[in-house]
Amino acid sequence: MMLQGENIVKQYHHKGEIINALNHVSFKVNKGDFVTVTGPSGSGKSTLLLALFGLIRLTSGNIIFDGKRIDNISDRQLTEIRKKSVGYILQSFALIPYLTTIQNVMIPLALERVPGKEQVKRAREILEYVGLSDRMEHLPREISAGQQQRIAIARSIIHRPQIILADEPTGNLDPTLSLEILEFLKKINGENQITIIMVTHSPVAAEYGTMKLHLNEGKITESR
Amino acid sequence: MTILKLVFIELWKRKSQLITGLLAITLGIAVIIAIQSVSVVSELNVARNLDNLGANILVLPQGASIDDYYTSDIDAPTLPMDYVERILTSTIAGVDNMSPKLTRRIKVGNQSIVLTGILPKSEIASKPLWQSSGLLGAELKTACAPNQSANKSHGLEDDKLKRKAIDTLNSKDCLAGSQVAKRLHLSKQSKIDIMGKEFNVIKILPETGTVDDDRIFANLRDVQQLLGIENQVSAIEIMGCCNAISEGLLGKLRNILPDTRITTIGQIVSTQIETNLLMKKVTLVMLIIIFFVGGISIGNYIWANVNERKREIGILRMMGAKRSTIYKMFLLKALVLGVGGGILGYLLGTFAGVILGPYLAGIIVKPVYIYLLWSVLFSVTISLAGSLFPTYLAAKFDPHANLQED
């Protein structure tokens, strides 16, 4: 078992009212799984994704990663786990606008203090892998949305994480580009055995999952 | 890629913001440097003017009063010449010049005058009004000027030489005060008989408005001989650095001259000290104002930058950047701005001081190179102090809240 959630609860207080964003959610994910999480807006999909590695703290419940509880460890320890073991892909690409393609991709290595030459070597390899070796010195605004998402994917895998968390990675892309990105994620999942948990609205994207979760009003209503 | 490189890239890619930030700190530092450059020269000028007031410490015989010193009665008490040597051989700092004197009221013809024996070079040196009349020697260093040499150690021998009184006024030569010259109808090269000895008047001294105008000055040794008071003086006039006086120069002199009365000429000393204090206070107030205004400006700039980069902070935190990395990012930026602003501020402030000094203050201002170091240190301190709180808030940002801006 790579990642396990047990009775995860996340409550928000709003104008004296308690809102259950996640209501006793439990799941198990194995290494190499491609998990898709679907559900209507406000069902708690993104909250679940952010809560897995401490970007949102739980109200109650346990999260176990690699055999260790991580819901009760310090911010510093969670930051260290995110740095080493997790890659994030967001709907809006989350690229730093004033950095070039290669500089954006190198950030996770910079945070790990990988030597400069090694950073450049690995960034070039990854950019070649995602088909952007001819866009290395471009700024995000100078390239297409599909290419920007591929940069985000390259950035999410450059530090060889165990798991990628993707929040609507095709949400800003047209159907053709969406398929291209989904195929790419499938390739990464198959070739590198990187576990992927992908939140999506799209039924097409959801079909890429080897394990599918459906959330509604903070509860898992379907798990296949 | 390193965090420092990230800082430089961000600064370079957002040039207009870089210029705004640099401008805020550069102008602050430039104002300080310009004011400081002008005020140091002004302080020097003020100190010179204060020195023109003359000696500010009197060493008198035990039991003598200031009245004795001015009236110079025939039976006024004296003290041994050796005391001059005691001061010369001591290592007390702050004695910029001294003038041993023997003074007696005598009759010349039917006129009553005051005959004063002096060691001329030191006497003239302690009277800058005379010095400026071209009588003798080069201009003295001021006693109260900032960083002036009297407080520095150039080696014991040099210090002693600088303070040593040298007898250069020839025997049979004398100087006449302006009033006494009028009364006795003296002019340059006149002859005058004093107690049976003929003297040549080599100079009529310019009017000073003091008791010196009624005196005739001759070589101390001659006067001691004429009056029959060998190796004795009436008083030792000392020009002391006013800062040294406030730091206990009188006590130190009393230690080596226990059987004397040592007094300051209060008005002179208090004027010197008060003027120096005022100059220092004005500069300090300016420093405090610039520190706060500069700190708030930089703090405001960094806070705007933090707000603009909230999403970037969220992305970095999501990818595993520690809070300390966020601190590093913004404080390094503040450091770069501080160093840049300090150097530019020094150059601009010095340039302004050099150009504006002669027009506004009528003084010639020269670059003070050590201020480069101080301006960089000050600028970095302002910049870091102003950036600390916005950076603290940036590091505390909830990454999830910032990512939701997507």
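Chain B holds 16 helices and 11 strands, where helices (H or I, at least four residues) and strands (E, at least two) are DSSP runs, numbered from the N terminus. Chain A has 7 helices and 10 strands. Keep in mind that this is a predicted model: local features need pLDDT of at least 70, side-chain atom pairs count only at pLDDT 80 or more, and totals for chains, interfaces and linings use all residues. Residues are numbered from 1 along each chain as its sequence is written, while chains are lettered from A and ligands numbered from 1 in the order in which they are written.

**The two chains in numbers**

- In chain B, 40% of the 406 residues are buried; a residue is buried if 20 or more other C-beta atoms lie within 10 Å of its own, exposed if 12 or fewer, and partly exposed in between, with C-beta atoms placed from the backbone.
- For chain A, buried residues make up 47% of 224.
- Take the contacts in chain B with a separation of 6 or more: 83% of them are between residues 24 or more positions apart. Two residues are in contact if their C-beta atoms, placed from the backbone, lie within 7 Å.
- In chain A, among contacts between residues at least 6 apart in sequence, 70% join residues at least 24 apart.

**Where A meets B**

- The contact draws 22 residues from chain A and 19 residues from chain B.
- The chain A side splits into 14 nonpolar, 5 polar and 3 charged residues. Here Ala, Val, Leu, Ile, Met, Phe, Trp, Tyr, Cys and Pro count as nonpolar, Asp, Glu, Lys and Arg as charged, and the others, Gly among them, as polar.

**H3(A) and its helix partners**

- The axes of H3(A) (residues 101-111) and H5(A) (residues 145-157) come within 7 Å and cross at roughly 30°. Axes are lines fitted to C-alpha atoms, for helices over the stretch in contact, and angles run from 0 to 180 degrees between N-to-C directions.
- That angle makes H3(A) roughly parallel to H5(A); angles under 35 degrees count as roughly parallel, over 145 as roughly antiparallel, 65 to 115 as roughly perpendicular and the rest as oblique.
- From H3(A), A:Thr101, A:Asn104, A:Val105, A:Ile107 and A:Pro108 meet A:Ile151, A:Ala154 and A:Arg155 in H5(A). By class, that is 5 nonpolar, 2 polar and 1 charged.
- With H4(A) (residues 116-129), the axis of H3(A) comes within 9 Å and crosses at roughly 120°, so H3(A) is oblique to H4(A).
- Residues making this contact include A:Met106 and A:Leu109 of H3(A) and A:Ile126 and A:Leu127 of H4(A). The contact of H3(A) with H4(A) has 8 nonpolar, 2 polar and 1 charged residues.

**The sheet in chain A**

- In chain A, 4 strands form an open, antiparallel sheet in the order S2-S1-S4-S5; two strands pair if DSSP finds at least two bridges between them.
- S2 (17-29) and S5 (68-69) of chain A each have a single partner strand, so one side of each lacks a neighbour in the sheet.
- S1(A) (residues 3-14) pairs with S2(A) in the antiparallel sense over 10 bridges, and A:His14 stands opposite A:Glu17 in S2(A).
- Helix H1(A) (residues 45-52) lies across S1, S2 and S4 (60-65) of chain A, at about 65° to S2(A).
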